[in-house]
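Let's take a walk through this model together, starting from a single residue and ending with the chain as a whole. Keep the structure open in your viewer as you read.

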Amino acid sequence: MADKLVIVESPAKAKTINRILGADYVVRPSMGHVRDLPERSLGVDVKNGFKPKYVVAKGKRKVIEALVKTLAGCHTVYLAPDPDREGEAIAWHLQELLRDAKNERRFVRVQYNEITPQAVRAAFQKPGEIDMKRVDAQQARRVLDRLVGYTVSPMLWRKLRRGLSAGRVQSVALRLLCEREREILKFVPEEYWILGAMARKLVAPLDPFRVKLVQVDGEKREVKSADMARQIRADLEGRSLRVSDISVVQVSRRPYPPFITSTLQQGASTAFGFSPSRTMGIAQKLYEGIAVDGEHAGLITYMRTDSVNVSQQALGAAREYIRQAFGPEYCPERPHLYKSRASAQEAHEAIRPTDIARHPDSLAGALDPSELKLYRLIWNRFVASQMAPARIERRAVKVEALPGAGQTRTYLFQAVVSEVKFPGFMRMTGVDLGKREEDGEAEEAAALPSLAIGENLQCLQWLGEKKETQPPRRYSEASLIRALEVNGVGRPSTYAQTIATLMDRAYADREKRVLRPTELGLRVNDLLVATLNELFDVKFTARMEESLDEIEKGAVGWVRMLDAFYRRFEGWMEATREPPTDPVTVREAMDMLGRVSNWAPPVEQDGRTYSDERFARSVAKQLADGRKAISQRQLDALLRIGIRYRAQIAGMEDFLKRIGRETLLAEPSAQPLSEETRKKLDLLGGLELDESAARFVASLAGQADRGRTLSPAQIRAMDRILVSHRKQIPDFEAVAASLGVRAEAQAEDHESKPLLEALKSVTDWKPPVARGNKSFDDREFFLSLSAHFGRKGYLTDRQRAALKRMAARYREQAPNYDKLAADFGIGRKPAPGTASDHG
């Protein structure tokens, strides 16, 4: 019987490791983190060195019991979670839970960057000990996130609404989205003109080519008005063209480095439209191993890394493959070595194939299409990273417009063309002459004939094109990850979860791969920036990440770092505490509302009743009782109600100005409902809708009846309902155009259909659960999701997230669950309770 226990995180990884090690070892999964801070209390003793109060993680009691039973006949325990901070912490928590009082068992730490027989056996021949500096860095991160999330979130509840969350990294990512959105909203486009000429030689070949105006009177000149454009065009009329200069530059373009976590997520998003979580789910499966030619092995190295280092063995294998497949001229004299960012963990490698001889084409029958796409992307990038640079010849031709009699102004035009002289790594990636930062501002021409200095040209046409400056682009998932990485916010293991949490919290929407903050997200961000600007400052968050790196290096103690942070944090939180409201102002506001004679009827929404009149009476009673002060949030709610009924309240706007709250009048909720929105609601009211959509529309109508405006997200949701029910609307295209209905295409939903199919096999549904005045029934929810998908062919991001959680709950009854979990990123989660902290 085996007397050596190996513990890894997942069943798939356990299966691969077990096949490599053989019968002398028993391999079991921990299913991720086994201990964490408690869910319903802070769990940190801030007065006693920030000591964490760990408890067995939710749902892990049976996992621990099973591991204890397996321990009975084992003398050595090999702790083999992933080679990063989270993996080190998992190993330490397992050791703390499983160590017996007599210390009879030997616990050792085993790490490997790839799951191949050679790498795994080598690691087990040289086991080590748990790196407590790395554990301390993880504990500091976990405590830091808990202090921020657990303390700041209730402030959002008091000032906005219950159920909202803030997080150390999550809120900074939201800030980036919102700041970009504000830039876009306040952007004012400016006109400018691009001037040029269509020219050709006087002798064959006579193919025309375009030149662009780059200088006027020897200086770069921006044409920013129609008058200036007309003046230049008039001055150019009748002039002839002559080649004044030709320069030829040889450019060497190096390949990009192999992937790290962030660039893999960006590359998969750009190439295939994969979300970060989907990319990481597929990469996890490729790392943990699949059966190929009867052998179970990992296909790629560890996928959570910020290092571009590559082992000497892998470099040698790649260079030999390049020589054999492409020829010696494609293999540079020395291997390319790339520099990682300063904070990268250099012990890790970049993401690369574990065996360069395992060509993507050979795996077509072993991998599904998505897995093969990602493996091919990783394989191609790694091979290309070690190929010779491409050599490109860039030819720049300058053309002058010769002045006529009495003309003094000079005009210089330019055309640039690039030609690949030696493709180098582009043999693998394809020819790409797109601009990089080092290329400068030159605009490429499609082609240029052979020209000589002093050669006269014929001007076929003077060209002029009016353009407008464009606002900054909204972030895509890929570009947001890049921004987080460049700013030093978060780590490779957090990027995908950060974006997923913004979606789950309804702080952001995704449309055609573009992220847009919701109205709720903007309000949350505005409040956090107004009250805790320093805490959620990008640079401060980056410094915190650097401090965690210093802890891992042993340069600073984790308790000392937390103590320094907490002293500042306490001061910031103290400043958020609201001063008491002025009772005189509250009474004046109540007097104003006392003039309302025609209150809107109560509205039922999500099982709750909303009544302006009832709320005003409850505040009046609280004021009269005198035992509890009226909060600023309550006063703001009264003032907003007053704005909605201002037609019945003479002097309401003057009152707001007098007390300095006139800014409430500019809020979206204070604006009257547009005629288009009202017509959309009327149109929706006449359609046959399913129960869920009908409830949603009814809630919007009730909101409108109470004088509340609708948010952009709500209007987009209305548009989607109208588009999905277009068959019921005569002459839909004309109606949609008149009402401004945006018929935007939904992002392709690859995930919902297989998950719904798997859950059809569930026969033993959990009984409904009552929480407050709501009832949650898994089976009914599954049926509603199935019906929604059947009608529309997609589920929303939030619906898909809920569907994934349901699939995890019923994993024992769902066929092929492990494959689905790997494909769609269900399997690996952050430590329980951390989603709102740094996801």
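Predicted model: local features only at pLDDT ≥ 70, side-chain atom pairs only at ≥ 80, totals over all residues.

K51 sits in strand β5, which covers residues 51-52. Is K51 buried or exposed? Its relative accessible area is 52%, and exposed means over 50%, so K51 is exposed. Leaving aside residues up to four places away in sequence, K51 touches G43, V44 and D45.

Now move along to a pair of helices. Helix α22 (residues 675-685) packs with helix α25 (residues 732-739) at an angle of about 145 degrees, and their axes are 9 Å apart. On the α22 side the contact is made by E676, K679, K680 and L683, while α25 brings V735, S738 and L739. What kinds of residues form this contact of α22 with α25? Three are nonpolar, three are charged and one is polar.

You will find 30 helices and 22 strands, with the C-alpha atoms filling a box of roughly 95 × 85 × 55 Å along the principal axes. Of the 839 residues, 50% are buried. Among contacts with a separation of 6 or more, 75% join residues 24 or more positions apart. The chain exposes about 41100 Å², and carbon and sulfur atoms supply 49% of that area. As for charges, the chain has 134 positive and 113 negative ones, and their mean positions are 2 Å apart.

Note on methods:
Residues numbered from 1 in each chain as written. Heavy atoms only, no water. Axes fitted to C-alpha atoms, helices over the stretch in contact; angles between N-to-C directions. Helix = DSSP H or I, 4+ residues; strand = E, 2+ residues; numbered from the N terminus. Contact = heavy atoms within 4.5 Å. Nonpolar A, V, L, I, M, F, W, Y, C, P; charged D, E, K, R; others polar. Buried < 20%, exposed > 50% of the residue type's maximum accessible area, 1.4 Å probe, protein only. Areas by Shrake-Rupley, 256 points an atom, 1.4 Å probe, with all protein chains shown as cover. Lys, Arg positive; Asp, Glu negative; His and termini not counted. Charge placed at Lys NZ, Arg CZ, Asp CG, Glu CD.
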